[in-house]
Amino acid sequence: MTRIDFYVLPSENPEEIDNFACRLAEKAFRNGLRVLIAVDTPEQAQKFDDLLWDFREDSFLPHAPQNADQQAAIEINSGEDPGQHHGLLINLCADIPTWFSQFDRLAEIVCQHPDSLARSRTRYSHFRDRGYPLQSHKIN
């Protein structure tokens, strides 16, 4: 059963979600996990691809759009079928991907913006009501 981790950021700035997603992807990659980052649109996928190049000067994360000719340790999905992925799904979509349960872990990142908080409460209830193991991490 998929383990669901909620990472609660202290900031109200929604842009901090993307920055934390990069840090989380880096940590997972360093621990040998394959990572799929789910976004809603190809434009968001391109923005996230650019962010993975630039988020830290001293870091390189091997990444690619999902369905590119090569597989990468970190792939960015903008609505495609996730294929054989099953490690860590970092969900940055407005909704929960229907295929999330094929992953060992799902990361939901929450900031203190009212929209983000409302969305995370709904998701938390959704997962809890279906019996998924939940963890919450307050990030400083």
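What is the volume of the second largest pocket? The second largest pocket has a volume of about 190 Å³.

This is a predicted model, in which local features need pLDDT of at least 70 and side-chain atom pairs count only at pLDDT 80 or more, while totals for chains, interfaces and linings use all residues. Residues are numbered from 1 along each chain as its sequence is written, and side-chain values use heavy atoms, with hydrogens and water left out.

**Sheet and helices**

Helices (H or I, at least four residues) and strands (E, at least two) are DSSP runs, numbered from the N terminus. Seven strands form an open sheet with parallel pairing, in the order E3-E4-E2-E5-E6-E1-E7; two strands pair if DSSP finds at least two bridges between them. Strand E3 (63–65) and strand E7 (134–138) are the edge strands, each pairing on one side only. On average, neighbouring strands of this sheet are turned by 20° against each other, direction ignored. Angles run from 0 to 180 degrees between N-to-C directions, and axes are lines fitted to C-alpha atoms, for helices over the stretch in contact.

Six bridges join strand E1 (residues 3–8) to strand E6 (residues 105–110) in the parallel sense. Tyr-7 has Ile-109 in E6 as its bridge partner. Helix H2 (residues 42–54) lies across strand E2 (35–38), E3 and strand E4 (74–77), and runs at about 155° to E4.

**Pockets**

On a 1 Å grid over the protein atoms alone, a pocket is an open set of points where a 1.4 Å probe fits, with protein on both sides within 12 Å along at least five of seven lines; lining residues have an atom within 4 Å of a point. A volume is the space filled by probe spheres set on the points, which are joined across faces, edges and corners. Ala, Val, Leu, Ile, Met, Phe, Trp, Tyr, Cys and Pro count as nonpolar, Asp, Glu, Lys and Arg as charged, and the others, Gly among them, as polar.

| Pocket | Volume | Lining residues by class |
|---|---|---|
| Largest pocket | about 470 Å³ | ten nonpolar, five polar, eight charged |
| Second largest pocket | about 190 Å³ | six nonpolar, one polar, three charged |

Helix H3 (114–129) is among the elements that each supply at least two residues of the largest pocket's lining, and H3 gives the most, with five residues. In the second largest pocket, H1 gives the most to the lining, with five residues. Tyr-7 is one of the residues that line the second largest pocket.

**Asp-18**

Asp-18 lies in helix H1 (residues 15–30) and is among the residues nearest the centre of the largest pocket. Asp-18 counts as buried because its relative accessibility is 17%; buried means under 20% relative accessible area (1.4 Å probe, protein chains only). Neighbours within four places in sequence aside, Asp-18 is in contact (heavy atoms within 4.5 Å) with Lys-47, Phe-48, Leu-51 and Leu-92.

Methods
Buried < 20%, exposed > 50% of the residue type's maximum accessible area, 1.4 Å probe, protein only.
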